[in-house]
Amino acid sequence: MPSPAARSDDTAGGPPRPEALTRIMLRPVASSLPLGFFAFGTGSILLTAAQLSWVPLAQSRPLMLLILVFVVPLQTLSGIFAFLARDSGAACGLSVLGCAWAGSALVTLSEPPGRLSPGLAVFLLSIAPLMLLLSAAAVPGKPLFSALLLIGACRFVLTGIHQAGGAAVLRTAAGWTGVALAAFALYGGFALLLEDTAQRTVLPLGRRGRARTSLQGDLGHQLDQAEREAGVRRQL
């Protein structure tokens, strides 16, 4: 909060600067990105275990149940809190992923173990372009999150083509893509958690633009274009 002296200096000889008139009301909202990354990494490993036959085919149902009770709630919760933290890009990406996990798990549970599902194929192939658009939107500020969405979209395409009747090698490729995706997500979650704890970048995250100034800038950077943000402007 600016001191009285600082406010006097700001108002002398001209209109006050925005930060001189700003009052900050803290809300109990922490960064939800680490939780979203960790949940996504866990879900990737569970799905990979089924795709690469690390567990017997009959155990695919318990894996889908674990996705429903562990991954989906955490992914959805992280998306909700990203909306509350006013990060629409992360919120959309995390929410879409949470619902994608839920839809895939429920469809798999409704089918006999190992049976292909053309309906699931249509769903996954429909979600993939959406994830590509979200990935492209995240490139200017959060390249790490963009890469996560891009790899996830590739896995959805591979799994969707296999579910539509594609070769079994596509299922294997999707499984190994999931291994890389899980490692990437766990690194991202850990790096974001360290960053949030230390209030500075500890491990490389590739932040750029406003995503970088959100940590490295001053109060003036945080207020830049605040009047145009949702919740401040009159219309969305």
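**Notebook: helices, core and a surface patch**

I began with Ile80, which I found in helix 3, where helices are DSSP runs of H or I with at least four residues, numbered from the N terminus. The model I am reading is predicted, so I kept in mind that local features need pLDDT of at least 70, that side-chain atom pairs count only at pLDDT 80 or more, and that totals for chains, interfaces and linings use all residues. Residues are numbered from 1 along each chain as its sequence is written, and side-chain values use heavy atoms, with hydrogens and water left out.

Together with Leu35, Leu77, Phe81 and Leu84, Ile80 makes a nonpolar surface patch of about 380 Å². Such a patch takes residues with over 30% relative accessible area and no salt bridge, its nonpolar side chains (Val, Leu, Ile, Met, Phe, Trp, Tyr) being joined within 5 Å; a salt bridge is a side-chain nitrogen of Lys or Arg within 4 Å of a carboxyl oxygen of Asp or Glu. The areas come from the Shrake-Rupley method with a 1.4 Å probe, and for residues only the protein chains shown count as cover. I recorded that helix 3, residues 60-84, gives the largest share of the patch, 4 residues.

Entry on the core. The largest nonpolar core has 41 residues, and Ile67 and Phe145 have the most contacts inside it; a core here is a set of buried Ala, Val, Leu, Ile, Met, Phe, Trp, Tyr and Cys residues joined through side-chain atoms within 4.5 Å. Helix 4 supplies its largest share, 10 residues. Leaving out residues up to four places away in sequence, I listed what Ile67 touches, including Gly43, Leu46 and Trp101, with contact meaning heavy atoms within 4.5 Å.

Entry on helix 2. I placed Gly43 in helix 2 and noted that Gly43 is buried, because its relative accessible area is 0%. Gly43 and Leu68 are 25 residues apart in sequence and 9.4 Å apart in space, C-alpha to C-alpha. Thr48 also lies in helix 2, residues 33-51, and is buried because its relative accessible area is 0%. I then found a polar contact of 2.9 Å between the side chains of Thr48 and Arg155, the term meaning a pair of N or O atoms within 3.5 Å, where within protein one must be able to donate a hydrogen and the other to accept it, and residues adjacent in sequence count only if both atoms are side-chain atoms.

Methods
Patch = residues over 30% accessible without salt bridge, like charges linked within 9 Å, V, L, I, M, F, W, Y side chains within 5 Å. Helix = DSSP H or I, 4+ residues; strand = E, 2+ residues; numbered from the N terminus. Buried < 20%, exposed > 50% of the residue type's maximum accessible area, 1.4 Å probe, protein only.
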